[in-house]
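Have the sequence and the picture side by side, and follow along as we go.

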Amino acid sequence: MSLTEQLIADIEIRAAAINTPVKDVLESAGIDWSTWWRWKQGKSSPTLGSLSKITKSLEAAENRSRKAA
C-alpha cells in the first residue's frame, strides 16, 4: 500500500468512526471532491497543505462528535 493510499484509508476510517461523510470533511477543508477522487485513483498525490487542511477539518468534526456524545 502506498503512502497516499494509507493516508486516504486513515482519513476514511476516522470519518466513518464519527459517522461523518468524507465529502463533508473535504468541503469543510476547502478540498474539491474531484481532487480526492484523483488521489484515490493514483492520478495525483495530496500536498502537505491539503493534508493539513483535511486533518484540521477532521479534528474539528471529531471534537464536535465527542461534545455531542
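Which residue follows helix 1 with a positive phi? That's Asn19, with a phi near 55 degrees. Before going further, a note on what you're looking at: this is a predicted model, in which local features need pLDDT of at least 70, side-chain atom pairs count only at pLDDT 80 or more, and totals for chains, interfaces and linings use all residues. Residues are numbered from 1 along each chain as its sequence is written, and side-chain values use heavy atoms, with hydrogens and water left out.

Back to Asn19. Its positive phi comes although Asn19 is not a glycine. Most residues other than glycine have a negative phi. You'll find Asn19 in the loop between helix 1 and helix 2, and with a relative accessible area of 72% it is exposed. Here, exposed means over 50% relative accessible area, buried means under 20%, and partly exposed is in between, using a 1.4 Å probe and protein chains only.

Now zoom out. The chain has four helices and zero strands, where helices (H or I, at least four residues) and strands (E, at least two) are DSSP runs, numbered from the N terminus. With a radius of gyration of 12 Å, close to the 11 Å that the globule rule gives for 69 residues, the chain is as compact as a globular protein of that length. (That radius is taken over C-alpha atoms, and the rule is 2.2 Å times the number of residues to the power 0.38.) The C-alpha trace spans about 40 × 25 × 20 Å along its principal axes, and buried residues make up 32% of the 69 residues.

Let's look at helix 1 itself. This helix has 15 residues and reaches 21 Å from its first C-alpha to its last, close to the 21 Å expected at 1.5 Å a residue; the expected span is 1.5 Å times one less than the number of residues. Buried in helix 1 are Thr4, Ile8, Ala9, Ile11 and Ala15. Seen down the axis, these buried residues fall within an arc of 160 degrees, so they line one face of the helix. (The arc is that of the directions from the helix axis to the C-beta atoms.) Over on the other side, Leu3, Ile13 and Ala17 are exposed.

What covers the buried residues of helix 1? The cover includes helix 2 (22-29), helix 3 (33-41) and helix 4 (48-68). Take Thr4 as an example: its relative accessible area is 15%, so Thr4 counts as buried. Setting aside neighbours within four places in sequence, Thr4 is in contact (heavy atoms within 4.5 Å) with Trp39, Ser45 and Pro46.

After helix 2 comes Gly30, with a positive phi near 80 degrees. Gly30 sits in the loop between helix 2 and helix 3, and at 61% relative accessibility it is exposed. Gly30 and Ser50 are 20 residues apart in sequence, yet 8.7 Å apart in space, C-alpha to C-alpha.
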